[in-house]
2 protein chains.
Amino acid sequence: MSSFVVALDVGGTSMKGGLVTSAGEVLLTDRRATPREQGPEAVVETIRSFIGDLAARGDGVPAGVGLAVPGLVTADTALYSANIGWRDVPAAAFVPLDVPVMLGHDVRTGGLAESVLGAGRTVSDFLFLPIGTGIAGAMIVNGEPYGGASGWGGEIGHIPVFPDGETCACGQVGCLETYASASAVARRYAARVASLAAPAPSGLPLPAAPAAVDGAGTPVTAEQVAALTAAGDPVATQIWGEAVEALALSLATYTLLLDPSVIVLGGGLAESGPLLSDPLSGRLRELLTFREAPPIRPAALGVSAGMLGAALLGWRAAGDPGAGATWRLDVPKSPGVA
Amino acid sequence: MSSFVVALDVGGTSMKGGLVTSAGEVLLTDRRATPREQGPEAVVETIRSFIGDLAARGDGVPAGVGLAVPGLVTADTALYSANIGWRDVPAAAFVPLDVPVMLGHDVRTGGLAESVLGAGRTVSDFLFLPIGTGIAGAMIVNGEPYGGASGWGGEIGHIPVFPDGETCACGQVGCLETYASASAVARRYAARVASLAAPAPSGLPLPAAPAAVDGAGTPVTAEQVAALTAAGDPVATQIWGEAVEALALSLATYTLLLDPSVIVLGGGLAESGPLLSDPLSGRLRELLTFREAPPIRPAALGVSAGMLGAALLGWRAAGDPGAGATWRLDVPKSPGVA
């Protein structure tokens, strides 16, 4: 008798897999590298063998498989991913077993998990916003993740927050992501420090670079910028404040358009907790004059969200669309699966 | 036998009513002033007597009543309208007959009509954007208008397009509406002309005001600014271009978030046709680098959209949720009901 599904969350650098029962028990979890540099076929093959290996560790045949992948995706085809490089991969290609499969978009599958099991489980309309290397949102609309007419929705990381601002890697101007992703915060801090250390073009004296960063351009992380901000470093505080402002403007726009019950922050940058959420909540309230600001909450599932959402997809594929309703929340919140 | 519903679209200055059969035949239409200055009770009473009068002109008892109202509204209660001043008015208070009633939000009810009968009838996910005295959008999501968690969604007129821009009447900064509504275009043109006519604060000479507007501050309309733009007037062209830029930024944001199949422009400003839609389409395509821009189409139903949407609500109340699917489009496109 089948009593588990195989769940897999495929990221650009690694994949998180697990076996999850219909009662929500996570029987085991595992992780494997995503061989992106070897091309899309190698990635598909790695997924296929990982799913086979996971399934073999369960007791019997899995009831289904759920798979969260990046890019454009329908329930039965991975249509396109710029990140991985595949096009039109049918669900069956990922699975070495004859069991039902359901695919989902990575961010929206994480949003599904936060919706059914996590920080959004008491509401039906909210934004799940993981802030990591990039920024994309899962819009939960009438209780389900919504991807728009063709599945390209939720690109809140690329809305033009500052129309006369900095050019984003995507070629657009003033995108949220270019100010507020974890990588943007690190990059902009290092650049600001470097510009302060360099001789001013006008010849005017400028303050010296903060001692925390050496002149040789030692890489900085967003966590370090957060720590420097907490410690009162003026440059870090400025960069952090610009990220908060870009996020607040984006969330004001999202709120005015989509009227969410709550905004759920996830991803690496949200790990800084109140250092981010307190000024962000305050600024969002200031920006909205004629309506209330939705509360901002931390995500509940951490990096497990994608794998747990994939488990929900697996159970849906297996014919149990209500899976998750009674699951207990005993998953690790952070930093993730074991 | 009942073969018609009473449909009413309540606006801030006037109400458009009609009798519509289940086959979509508009038996008659009529119009009455909205006595807003007399207070909310007078408005409710006027709606009630207007509905009674319309119903009496039909053959028999209506199968239902559909009513589009501004503000916050559920299917059975008009919760709040700043414009009209009412709070918590039950649907039954609007109707002097014992027949089923359904209420709807004014802009979203117009969007419902464009969705079922009009410019959006071939797609299930789009934005209906009427640009008039104000700007609000109807977001059609999975085939139905979506109002967000509490019904406050669609406020695209107040998203912060230019975060360092002009203060809006709502108190927020840089709202779309303060640049691109019909009234904003007229107001900003008049102000720009006045500022050019006035002595420059710095004492520098500035170009004289265009001949088309006298120095006494004659009121200008958006239609006049459109005509001046078409004629090559430099100040009008500048103001028009700023409205186009604000709209393009807003539609870029909407597209990145909600991925609509199409954007349907309605309202007074859209009457200018290609003078608005051509530069807007072009600029939207420029702003979006990594995805296609949705096509921009004119609305099909003109000022009849709200009344026709109310007719659809009336038929839904009467137990015919599929009403509209077979209706023929013989409604006047513009300027509206007879």
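This is a predicted model: local features need pLDDT of at least 70, side-chain atom pairs count only at pLDDT 80 or more; totals for chains, interfaces and linings use all residues.
Tutor: Local features need pLDDT of at least 70 and side-chain atom pairs count only at pLDDT 80 or more, while totals for chains, interfaces and linings use all residues. Residues are numbered from 1 along each chain as its sequence is written, chains are lettered from A in the order in which they are written, and side-chain values use heavy atoms, without hydrogens and water.

Student: What makes the two copies related as by a two-fold rotation axis?

Tutor: Copies are superposed by least squares on the C-alpha atoms of residues with pLDDT of at least 70 in both, and here a rotation of 180° with 0.0 Å of shift along its axis brings chain B onto chain A with an RMSD of 0.0 Å. The two copies are therefore related as by a two-fold rotation axis.

Student: How do you know that the same surface serves both copies?

Tutor: With contact meaning heavy atoms within 4.5 Å, 100% of the contact residues of chain B recur in chain A, and each chain gives 39 residues.

Student: What is the area buried between chain B and chain A?

Tutor: Buried area is the accessible area (1.4 Å probe) that two parts lose on being put together, summed over both, and for this pair of chains the value is about 3100 Å², of which carbon and sulfur atoms give 66%. On the side of chain B, Tyr146(B), Leu256(B) and Leu257(B) lose the most area to chain A, together 22% of what that side buries.

Student: Why is the pair Glu166(A) and Arg188(A) called a salt bridge?

Tutor: The term asks for a side-chain nitrogen of Lys or Arg within 4 Å of a carboxyl oxygen of Asp or Glu, and the side chains of Glu166(A) and Arg188(A) meet at 2.8 Å, N to O. The pair belongs to a network of salt bridges that also links Arg192(A) and Glu242(A), whereas the count of salt bridges between chain B and chain A is 0.

Student: Why is Arg188(A) called buried, and what does Glu166(A) count as?

Tutor: Buried means under 20% relative accessible area, exposed over 50%, and partly exposed in between (1.4 Å probe, protein chains only). Arg188(A) has a value of 5% and is therefore buried, whereas Glu166(A), at 30%, counts as partly exposed.
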